[in-house]
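Biologist: I am new to reading protein models. Could you take me through this one, question by question?

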Amino acid sequence: MEPKEKIILTGDRPTGRLHIGHYVGSLRRRVELQNSGEYDKIFIFEADAQALTDNIENPEKVRQNVIEVALDYLACGLDPAKSTLFIQSQIPELTELSFYYMDLVTVSRLQRNPTVKTEIQMRGFGGESIPVGFFTYPISQAADITAFKATTVPVGEDQEPMLEQCREIVRRFNYIYGDTLVEPNILLPENAACLRLPGTDGKAKMSKSLGNCIYLSDSADEVAKKVKTMYTDPTHLQVSDPGHLEGNTVFIYLDAFCTDEQVARLTTDYQTLQEMKDHYTRGGLGDVKCKKLLTAVLQETLEPIRQRRAEFEKDIPAVYEILRKGCEVARQQAAETMEEVRRAMKINYFEDASLIAEQAQRFAGKA
Ligand code: TRP
């Protein structure tokens, strides 16, 4: 269906506080998009029901992190006057939609979803023993997106298979039941460093379980400490040795966070990040100096976020109230879509006066 409005939808699982990987991968962009005024509606949500699919025995963890993530959202500059912030589980239409979408997806298609595939391996569910709810979460994610007729989904590259699966569901639904749903587009981060920020230990991904995260809510001291112990180039032993940029976490973070303006202002020797990189690869530039710049850059980004968070933390009931109101708005939107879906799928019995009249006539003819 041709979209009538430009609508953004995206979300996060509330399984922990958000970290700087979330920030460069998606949060920063959301705030820019929100403030660009180019979108008619923006929905940002906490995927608590999805989080429960692999935290079945730990509902308290999800419950505790709902408020943490809401605080992180607000701290980053998501503004409830411009963006609807809500919680997935409070929108029953999403489960309703998922149920119907399940008819449109085969088991083998889900098994081929790379995210599901790797997550199965990572979480150690052996093949058949994976919970059905976890296995089918790409379907539920398609419901999250389509219920709001999202045109634009800003997420990290790891979500690409989810978006592809969603688009397939939309096409199949529209083909079978008539043009009803909107096909969403993924909006990936602009630079490669932001696509998948590695952890401070240089491991593939920032993840709470690996303990390699810098959180948006970390204090200035915690951030400085984490940068000090960050993984760099193990072959760069002496300052005079030539250094390598590839896989060097400090430079990857600089690529993600640092502008040339900051390089010029915060260092004495360089005007651009490229100049600094050239010196590092030539040899003669030590890790300590690079880390010093990174710490300064991170502090400039994180300090305003920390301050806003501290403000919102003073009135927690007000934050819950923002979420409650957001859920109301979101529910209304999802209910509208659900009505269109019911109509398309011919399960709108009571709304359709002609159906009742036709049936009455059919049975009258029998008498
Ligand atoms: N799977 C996403 C994550 O783990 C969260 C999510 C759930 C989501 N539903 C979504 C993101 C819909 C974008 C659109 O971060």
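Predicted model: local features only at pLDDT ≥ 70, side-chain atom pairs only at ≥ 80, totals over all residues.

Biologist: Let's begin with the whole chain. How many helices and strands does the secondary structure come to?

Modeller: The C-alpha atoms fill a box of roughly 100 × 45 × 40 Å along the principal axes. Within the chain, the secondary structure comes to 17 helices and five strands.

Biologist: What share of the residues of the chain count as buried?

Modeller: A residue is called buried when its relative accessible area is under 20%. The chain has 367 residues, and the share of them that counts as buried is 49%.

Biologist: How far apart do the C-alpha centres of domain 1 and domain 2 lie?

Modeller: Domain 1 is made of 7-196 + 316-356, while domain 2 covers 220-311. The two do touch: 15 residues of domain 1 are in contact with 11 residues of domain 2. Their C-alpha centres lie apart by 35 Å.

Biologist: Which residues is Ile20 in contact with, leaving aside its neighbours within four places in sequence?

Modeller: Beyond its neighbours within four places in sequence, the contacts of Ile20 are Leu197, Met206, Ile214, Leu216, Tyr253, Phe257, Leu298 and Leu302.

Biologist: Are helix 12 and helix 14 roughly parallel or antiparallel to each other?

Modeller: Two packed helices are described by the angle and the distance between their axes. For helix 12 (residues 249-257) and helix 14 (residues 273-282), the axes come within 11 Å and cross at roughly 170°. Angles over 145 degrees count as roughly antiparallel. Helix 12 and helix 14 are therefore roughly antiparallel.

Biologist: How many nonpolar, polar and charged residues does the contact of helix 12 with helix 14 have?

Modeller: On the helix 12 side we find Phe251, Leu254 and Asp255, and these meet Leu273, Lys277 and Tyr280 in helix 14. Sorted by class, the contact has four nonpolar, no polar and two charged residues.

Biologist: Is Thr84 buried or exposed?

Modeller: Thr84 sits in strand 3 (residues 84-87). Leaving aside neighbours within four places in sequence, Thr84 is in contact with Ile42, Phe43, Ile44, Gly326, Val329 and Ala330. Its relative accessibility is 15%, so Thr84 counts as buried.

Biologist: Next, a backbone angle. What is the phi of Lys149, and is this residue buried or exposed?

Modeller: Most residues other than glycine have a negative phi. Lys149, in the loop between helix 8 (137-146) and strand 4 (152-154), has a positive phi of about 50° although it is not a glycine. With a relative accessible area of 16%, Lys149 is buried.

Biologist: And is Lys346 buried or exposed?

Modeller: Lys346 has a positive phi of about 60°, and it is not a glycine. Its place is the loop between helix 16 (316-344) and helix 17 (353-366). Since its relative accessibility is 65%, Lys346 counts as exposed.

Methods: Residues numbered from 1 in each chain as written. Heavy atoms only, no water. Axes fitted to C-alpha atoms, helices over the stretch in contact; angles between N-to-C directions. Helix = DSSP H or I, 4+ residues; strand = E, 2+ residues; numbered from the N terminus. Parallel < 35°, antiparallel > 145°, perpendicular 65-115°, else oblique. Contact = heavy atoms within 4.5 Å. Nonpolar A, V, L, I, M, F, W, Y, C, P; charged D, E, K, R; others polar. Buried < 20%, exposed > 50% of the residue type's maximum accessible area, 1.4 Å probe, protein only. Domains from an automatic or database assignment.
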